[in-house]
Amino acid sequence: MTGNSIGTRTLGTASPLKVSTLGLGCMGMSDFYGSPDEAGGIATIRRALDLGVTFLDTADMYGPFTNERLVGKAIAGRRDEVVLATKFGIERLPDGTRVGINGRPEYVRAACDASLQRLGVDHIDLYYQHRVDPKVPIEETVSAMAELVQAGKVRHLGLSEASAATIRRAHAVHPITALQSEYSLFTRDLEDEILPTLRELGIGLVPYSPLGRGLLTGRFSPESLEAGDSRATGYFPRFQGEALQANLALAERVRELAHAKDVTPGQLALAWVLAQGDDVVPIPGTKRVKYLEENVAAAGIRLTADDLAALDRAVPRGSVVGDRYGDMSVVEI
C-alpha cells in the first residue's frame with residue numbers, strides 16, 4: 001500500500017483543505033501515555049507516509065515542545081507529502097508545568113514562530129487554537145491567527161473543543177477549516193449542537209481519541225498501563241474504578257460485533273467514525289507501526305445500516321460512565 005491509496009477527504013468549504021482519509025495523532029509518542037518513544041514515533045510517522053496517511057497532528061504542549069521536534073525530524077526531506085497540523089493555546093513551561101490557557105494575540109504570534117522553528121518548516125498547513133481562552137474574546141485570537149495566514153506562516157485555521165457559539169464568532173472573523181474535538185462511539189455530545197453548526201458553516205470535523213483513548217481497541221486493561229500514563233490518574237474519570245468496569249463492558253459488546261465482521265474492535269470503532277460523514281477525518285494516535293497499520297485498514301471497511309444500528313444498540317448514546325476529563329471547565333467554551 002503506497003501513495004494515497006487510503007483516499008482523501010476535504011475539510012471545510014470556505015477554506016478547503018484536502019487531507020488523507022485518516023490522520024495520525026502524534027501526541028502519545030512524547031507525552032501522556034507512558035514513556036516517550038522518539039525512535040518508534042519517527043518510524044511510525046514514516047510508515048504512515050508510505051501508507052498514504054499524510055495528515056499529521058501535533059501541538060506545542062505535547063512533551064512539552066518535544067513532539068513537534070520529533071515530527072519535524074520524521075518529515076525531514078518529505079515535507080511536500082505532509083499536511084501538517086499543530087496547536088497553540090495550552091501554555092506549559094519546559095519542565096511540564098501548566099501555566100494556563102493563553103489566547104492573547106502576542107502569544108499567538110510568538111507560539112507560531114516557535115512551532116515553525118521546532119518543526120523545521122516554513123509554514124503550518126492547519127493551525128488550531130488548542131483551547132479557547134475565556135479571558136480573551138475569540139475575535140481577538142482569530143484576528144491574530146488570520147494575520148499568520150496573511151504572512152504565509154499558516155495556510156488554514158482551526159479550533160479545538162470550542163462551543164457552537166464560539167465557532168460562529170470565530171468563523172465570522174476568518175474562515176475556520178476544521179474543529180478538532182473528541183468524538184467516538186464513547187463520546188457523542190457534539191452531535192446535538194456543534195456538528196450541525198459545523199455543517200451549516202462548512203467546517204470539517206477532526207475527531208481526536210476516536211478509539212476512546214484505547215478503551216475501544218479491545219486490548220485495554222489497567223495492568224497494561226506504563227508508569228506515567230495519565231489514564232491511571234483522575235485526569236480521565238472514565239478509567240477509574242466502577243466507571244472503568246462499566247465502560248469495559250460496553251467495549252466488550254463492540255468486540256463481539258467486530259468478531260462477527262472479522263475485523264478488530266478498533267477497526268470497527270474507526271469505521272463507525274468514518275461513516276459519520278465525508279467531512280469527518282479521525283486522527284487515531286499510536287507510537288507503534290503495528291497499530292498504525294491496523295488503523296489504516298479501517299479505511300477500507302464499509303458499514304451497513306444494520307451495522308450502524310447494531311453499534312448504536314451496543315453502545316447507546318449516554319451509556320458511557322464518567323466525564324471525558326476530570327476538569328470539564330476548559331472544553332466547549
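Mentor: Start with the record. UniProt, in an unreviewed entry, places the feature "domain: NADP-dependent oxidoreductase" at residues 22–314. UniProt positions follow the numbering used here, feature names are shortened, and annotations may be inferred rather than shown by experiment. This is a predicted model, where local features need pLDDT of at least 70 and side-chain atom pairs count only at pLDDT 80 or more, while totals for chains, interfaces and linings use all residues. Residues are numbered from 1 along each chain as its sequence is written, and side-chain values use heavy atoms, with hydrogens and water left out.

Trainee: What is the helix and strand content over residues 22–314?

Mentor: The chain there is 41% helix and 14% strand. The end C-alpha atoms of that stretch are 24 Å apart. Helices (H or I, at least four residues) and strands (E, at least two) are DSSP runs, numbered from the N terminus.

Trainee: Why are α2 and α3 called oblique to each other?

Mentor: Helix α2 (residues 66–75) and helix α3 (residues 105–119) pack at about 45°, with axes 7 Å apart. Axes are lines fitted to C-alpha atoms, for helices over the stretch in contact, and angles run from 0 to 180 degrees between N-to-C directions. Angles under 35 degrees count as roughly parallel, over 145 as roughly antiparallel, 65 to 115 as roughly perpendicular, and the rest as oblique. The angle is about 45°, so α2 and α3 are oblique.

Trainee: Which residues of α2 and α3 meet?

Mentor: Glu68, Arg69, Val71 and Gly72 in α2 meet Ser115, Arg118 and Leu119 in α3. Contact means heavy atoms within 4.5 Å. The residues of this contact divide into two nonpolar, two polar and three charged. Ala, Val, Leu, Ile, Met, Phe, Trp, Tyr, Cys and Pro count as nonpolar; Asp, Glu, Lys and Arg as charged; the others, Gly among them, as polar.

Trainee: How do you know whether Asn67 is buried or exposed?

Mentor: Buried means under 20% relative accessible area, exposed over 50%, partly exposed in between (1.4 Å probe, protein chains only). Asn67 has 0%, so Asn67 is buried. Asn67 lies in helix α2. Among the residues Asn67 touches are Cys26, Met29, Thr58 and Tyr62.

Trainee: Which peptide bond is cis?

Mentor: The bond from Gly63 to Pro64, with omega near -5°. Pro64 is in the loop between β4 (55–57) and α2.

Trainee: Why is α8 described as mostly covered?

Mentor: Count its residues: 10 of its 10 are buried. They include Gln267, Trp272 and Leu274. The buried residues of α8 pack against β1 (8–11), β11 (204–208), α7 (241–261), α9 and α10.

Trainee: What do the buried residues of α9 pack against?

Mentor: Against β3 (23–25), α1 (38–50) and α8 (265–274). In helix α9 (residues 289–297), the buried residues are Tyr291, Leu292, Glu294, Asn295 and Val296.

Trainee: What makes a set of residues a nonpolar core?

Mentor: The members are buried Ala, Val, Leu, Ile, Met, Phe, Trp, Tyr and Cys residues, joined through side-chain atoms within 4.5 Å. The largest such core has 99 residues, and Leu24, Ile45, Phe55, Leu56 and Ile167 have the most contacts inside it. α8 gives the most to this core, with seven residues. A second, separate core of seven residues includes Tyr33, Ala59, Tyr62 and Ile90.

Trainee: Which residues does Leu56 touch?

Mentor: Leu24, Ile45, Val71 and Leu84 are among them, not counting residues up to four places away in sequence.

Trainee: How do you know that Ala178 counts as buried?

Mentor: Its relative accessibility is 0%, so Ala178 counts as buried. Ala178 is in strand β10 (residues 178–182). Ala178 and Leu11 are 167 residues apart in sequence and 6.2 Å apart in space, C-alpha to C-alpha.

Trainee: Where is Asp125, and is Asp125 buried or exposed?

Mentor: Asp125 is found in strand β8 (residues 124–129). At 8% relative accessibility, Asp125 therefore counts as buried. Asp125 touches residues including Leu17, Arg79, Arg155 and His156.
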